[in-house]
Amino acid sequence: MKKSFKIIAWSAIALMAVIAIATALFFYQRGNASKDPLGSILNIAVDIGDQRFMRWHTPRDLPAITFQDEAGTTLSLTDFRGKVVLLNIWATWCPPCREEMPSLDRLNDKQGGESFEVVALSIDRDTALVKPFYEEFGIQTLRGYFDPSAQIPNTLRARGVPTTLLIDQDGREIGRAMGPAAWDSAQVEALIDAALARAPAQGS
């Protein structure tokens, strides 16, 4: 009888220990999920033509970056707070960038304004190449933004060009696509509309 009681008692203690360890691991993993540099669990994959946009489960903070506009003014993503941004990292020498640039221009023409902008960020070392590129492809609404140091792709962990990030009003990354996409598609407009419908955090 005593032996059976001891077995039951030790079994109960072992079970409680397993539960305690499992609980501790669960909270540890949940607490550290936000430290993943590219964003933890994926909520949804949206097909954009032949490309796939990966939207993060929770919007991710982005590292600080600086770049220039057409006037040579230094800007950062903070300057776009309160606006949803589609940040497209590209270059004139990149064939897939040439493929998708007109669709970015059409998207910006349709939805660009006070609450949304396509920020086409060139990493060409010679910024003078962008204006004739825009003229060649009939780009009408996109402004010129430049990173002649070409360091922003590394900072944002963009493995190649084009890479495009959707950024919310608080300057956080909603998701990204790596490679060319049909940016004037209904799927993209739905992503943007959802981002615009979300109220920015207080104090932003």
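**Cavity lining.** I sorted the residues around the largest cavity by class: four are nonpolar, two polar and three charged. I keep in mind that this is a predicted model. Then I looked up the names. The lining consists of Leu 77, Phe 80, Arg 81, Lys 83, Val 85, Ile 167, Asp 168, Gln 169 and Gly 171. I also checked the volume, which is about 30 Å³ for this largest cavity. I counted cavities of 30 Å³ or more and found one in the structure.

**Two helices.** Next I turned to α2, residues 95–111, and α5, residues 186–197. Their axes come within 12 Å of each other and cross at roughly 40 degrees.

I listed who makes the contact. From α2 come Leu 107, Lys 110 and Gln 111. From α5 come Val 188, Glu 189, Ile 192, Asp 193 and Leu 196. By class, this contact has four nonpolar residues, one polar and three charged.

I looked for a cis peptide bond and found one joining Val 161 and Pro 162, with omega about 0 degrees. Where does Pro 162 sit? I place Pro 162 in the loop between α4 (152–155) and β8 (163–167).

I then checked phi at Ala 150. The value is positive, about 55 degrees, although Ala 150 is not a glycine. Ala 150 lies in the loop that runs between β7 (145–146) and α4.

Definitions and conventions: Residues are numbered from 1 along each chain as its sequence is written. This is a predicted model: local features need pLDDT of at least 70, side-chain atom pairs count only at pLDDT 80 or more; totals for chains, interfaces and linings use all residues. Side-chain values use heavy atoms; hydrogens and water are left out. On a 1 Å grid over the protein atoms alone, a cavity is a set of points where a 1.4 Å probe fits but cannot get out, and a pocket is an open set with protein on both sides within 12 Å along at least five of seven lines; lining residues have an atom within 4 Å of a point. Grid points are joined across faces, edges and corners, and a volume is the space filled by probe spheres set on the points. Ala, Val, Leu, Ile, Met, Phe, Trp, Tyr, Cys and Pro count as nonpolar, Asp, Glu, Lys and Arg as charged, and the others, Gly among them, as polar. Axes are lines fitted to C-alpha atoms, for helices over the stretch in contact, and angles run from 0 to 180 degrees between N-to-C directions. Helices (H or I, at least four residues) and strands (E, at least two) are DSSP runs, numbered from the N terminus. Contact means heavy atoms within 4.5 Å.
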